[in-house]
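Subject: Structure for you to look through

Dear colleague,

Please find below the structure I promised to hand over, and after it my notes on what was found.

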Amino acid sequence: MAEGKDKMSFWQVFYDDISLLFLLGVVIPTVLYIIWGVMEYANAPTYTPPMPAP
Amino acid sequence: MSNELEFRTCPITGKKVFKATQNLIWINAVTAVVFILIGGIMAFLIAMTRWPAVHLLPAEMFYRFLTAHGLNMLIFWIVFFEIAGLYFGASVLLNSRLAAPRVAWFAYILMLVGAILVNIMVFTGKATVMFSSYVPLKADPIYYLGIILFAVGALIGCGIFFGTLAVAKAEKTYEGSLPLVTFGLSAAAIIAVYTLACGAIIYIPTFLWSIGIIENLDGAMYRLIFWGLGHSSQQINVTAMVSIWYLLGALTVGATPVNEKVCRTAFVLYILFINLAAEHHLLTDPTLSPAHKIVNTSYMMYLAVLASMIHALAIPMAAEVAQRKKGFTKGMFEWLSKAPWGEPGFPAMIFSLIIFGFIGGITGVVYGTEQLSIKSHNTWALTGHFHGTVVGGTTLAFMGLTYYVIPLIFRRELIGKKWATAQPYIFAIGITLLAIGMGGAGTLGSPRRHWDVTFADAIIPFSFDPAVILFTTLAAIGALIAVTGGAIYVGVSVLSVFFGRKMAPNEAKIL
């Protein structure tokens, strides 16, 4: 079995690793969509109405 | 509760079917059918209201029932069925006992209580907030609580799935890599975890806002995170549906992929990139930068589209190879003409694939571009797009699989096999007409979520191109046909599950 595993290609080892796929599947959309989006909203300039003339 | 290790051996597949798994698949699948029945009744009432010739419901009831339709169909029917599918994929296909069946029952109860609470709130008019429930629209707190309970229950269900994979690996109930269908369902479960986590992240503060603990919720922030749930939940459906296509291919014609590595690569592309498609809902938001929009919807999301195209070619190819091996080699299409069109599974798989790809998929990619999103996003064309993906695609595939699950897992003979065979044809015709009608009317500007497209009571009169009425009528006729197909599905499956002849333990017959 160990010998068979040695012969496994990188991609097969990668595809068989559900934990790693799980991690990537959660991290990629969290970073690219959620965190990046939250940062853009948080840094959006806010409108301040001009002070009325005294 | 029965012994968790009690099992029978399937006389057809030779797989171990654990009693605890069987009971959990049964209860989740039956519950799913109850919710499609509720959602289907709502579909009929909504379609008969959108059709100007009938215009059945008053405005208040229309929006109430539209909310109920969206939630029961997009969330409750599909997620209950998916949980049943996850237990099947992990336990039955891997010959393994289910990890923690008692916890799985607890998850089921959470989901059921959540779904019931949501339905009570919607039907009593305390949560007419549509599927998206955008703030500052405020529903009764119980509504948000119901969604949270449901999401937590489904999240636990995904945990049971991953736990069962670990048990199967530790107890060496399978050798080598996961079977392709289980691998695909793993992809669906990974997508589900992210999705349900987004649901919890946004619905917990929304619940606190609804009871007054939080004073303000930012609408833009809500939309960003909500669509991590709202759109990604449909990506769970896509991934589970594709897994079921592979399963139906194997069950109906003995299809196995020509190159499994390519199919697995396509599932990995789903895992990595499909959830980014949620950005479609924010393309018209001026606050987000073009970089955020383009990276998410174009660069990354097209990798998931590539995955769908791979599956769309790999599955018919697998069916063709399997048929040709049986000797159907005359001409280019004998393999297809001699396919088991008289069984429900094959037409359900093929129609699901075609409707998903050509109606749902292509429109999704087109409407997902920034320029066309501005024009189409709040029109009925979008509704046509996702009726092509979720109904013509996912629901039809799930329906086709049900006719095999009943004899294989529940050990009941189907009642009304001819009805079951006709059902995918009827449903596919109905949904195709419905989606084309919605797409046509929407392209001409007909809005989505609208009670009266004739604007009969409007102070300033407005009328669309007359073709809008034609397309709306086409959609209504399609809805009637699809609802008929849905009613046949519910009738055949409920009658078979409760009154079908009990099959003998060694009876090796599917249909």
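How many of the 34 residues of helix 2 of chain B are buried? Before I answer, please keep in mind that this is a predicted model. In helix 2 of chain B, 30 of the 34 residues are buried, so this helix is largely enclosed by the rest of the structure. Helix 2 of chain B runs over residues 59-92 and reaches 47 Å from its first C-alpha to its last, which is close to the 50 Å expected at 1.5 Å a residue.

Chain A is built from 3 helices and 0 strands, and its pattern along the sequence reads α-α-α. Of its 54 residues, 13% count as buried.

Where the two chains meet, the contact takes 20 residues from chain A and 27 residues from chain B. On the side of chain A that touches chain B, the elements giving two or more residues are helix 2 (10-16) and helix 3 (18-42) of chain A, and the largest share, 16 residues, comes from helix 3 of chain A. By class, the residues on that side of chain A divide into 15 nonpolar, 3 polar and 2 charged.

One pair of helices shows how the chains touch. The axes of helix 3 of chain A and helix 6 (residues 219-230) of chain B come within 10 Å and cross at roughly 175°, which makes helix 3 of chain A roughly antiparallel to helix 6 of chain B. Helix 3 of chain A contributes Tyr33(A), Ile34(A), Gly37(A), Val38(A) and Tyr41(A) to this contact, while helix 6 of chain B contributes Ala220(B), Met221(B), Leu224(B), Ile225(B) and Gly228(B). This contact has 8 nonpolar, 2 polar and no charged residues. Helix 6 of chain B has 9 of its 12 residues buried, so it too is largely enclosed by the rest of the structure; its buried residues pack against helix 3 of chain A together with helix 5 (180-210) and helix 7 (232-253) of chain B.

Within chain B, the axes of helix 7 and helix 9 (residues 290-325) come within 10 Å and cross at roughly 5°, which makes helix 7 of chain B roughly parallel to helix 9 of chain B. Among the residues making this contact are Trp245(B) and Tyr246(B) of helix 7 and His311(B) and Ile315(B) of helix 9.

Finally, a few places in the backbone of chain B deserve a careful look. Most residues other than glycine have a negative phi, and most peptide bonds are trans. A cis peptide bond, with omega about 10°, joins Val135(B) and Pro136(B), and Pro136(B) sits in the loop between helix 3 (101-123) and helix 4 of chain B. Met130(B) is placed in the loop between helix 3 and helix 4 of chain B, and its phi is positive, near 65°; Met130(B) is partly exposed, with 16 other C-beta atoms within 10 Å. Lys172(B), which is not a glycine, has a positive phi of about 50° and lies in the loop between helix 4 and helix 5 of chain B. Lys172(B) is exposed, with 9 other C-beta atoms within 10 Å.

With best wishes

Notes: Residues numbered from 1 in each chain as written. Chains lettered and ligands numbered in written order. Predicted model: local features only at pLDDT ≥ 70, side-chain atom pairs only at ≥ 80, totals over all residues. Helix = DSSP H or I, 4+ residues; strand = E, 2+ residues; numbered from the N terminus. Buried ≥ 20, exposed ≤ 12 C-beta atoms within 10 Å, placed from the backbone. Contact = placed C-beta atoms within 7 Å. Nonpolar A, V, L, I, M, F, W, Y, C, P; charged D, E, K, R; others polar. Axes fitted to C-alpha atoms, helices over the stretch in contact; angles between N-to-C directions. Parallel < 35°, antiparallel > 145°, perpendicular 65-115°, else oblique. Expected span 1.5 Å × (residues − 1).
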